[in-house]
Amino acid sequence: MTPISFALAHSLPEVVLAVGALALLMLGVFRARDGRDWIISECAIAVLGLAFLLLFVGTGPKVVVFDGAFIDDAFSRFVKVLTLVGAMVSILLSVDWLQRNGKTF
């Protein structure tokens, strides 16, 4: 059994994404409608970028934590990089689409 601090260290990008998504949700719900809708997209890119950078902190051999439910190895980091980059690109493309179609941006 691994200590919780060791397990959280290997799942830190996922923790950052979860906390960031909750914070962005609260920001979107409770902010004033003053025409600055772009700030949520900018913050989302920042959260995804931070998670991307945390993927490369403390990389090492294959680690199995949470009783085998989470595996941190080179292939899982590669897939996470592809997913995070795809999410960043889709957010950037959606901002352009919203501007062209007269939505909130």
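The protein has 4 helices and 2 strands (DSSP runs numbered from the N terminus: helices are H or I with at least four residues, strands are E with at least two). This is a predicted model, where local features need pLDDT of at least 70, side-chain atom pairs count only at pLDDT 80 or more, and totals for chains, interfaces and linings use all residues. Residues are numbered from 1 along each chain as its sequence is written, and side-chain values use heavy atoms, leaving out hydrogens and water.

Q: In what order do the elements run from the N terminus?
A: The order is α-α-α-β-β-α.

Q: How is a pair of aromatic rings described?
A: By the distance of the centres and the angle of the planes. Rings of Phe, Tyr and Trp (its six-membered ring) pair if their centres lie within 6.5 Å; planes under 30 degrees apart are stacked, over 60 edge-to-face, the rest tilted. A search of the whole structure finds 1 aromatic pair. Phenylalanine 52 and phenylalanine 56 have ring centres 5.3 Å apart and planes at 80°, so the pair is edge-to-face.

Q: Which residues of helix 4 are buried?
A: Buried means under 20% relative accessible area, exposed over 50%, partly exposed in between (1.4 Å probe, protein chains only). The buried residues of helix 4 include Val81, Leu84, Met88 and Ile91.

Q: What do the buried residues of helix 4 pack against?
A: Contact means heavy atoms within 4.5 Å. Here the partners are helix 2 (12-30), helix 3 (38-54) and strand 2 (70-72).

Q: What follows helix 4?
A: Glycine 102, with a positive phi near 70°.
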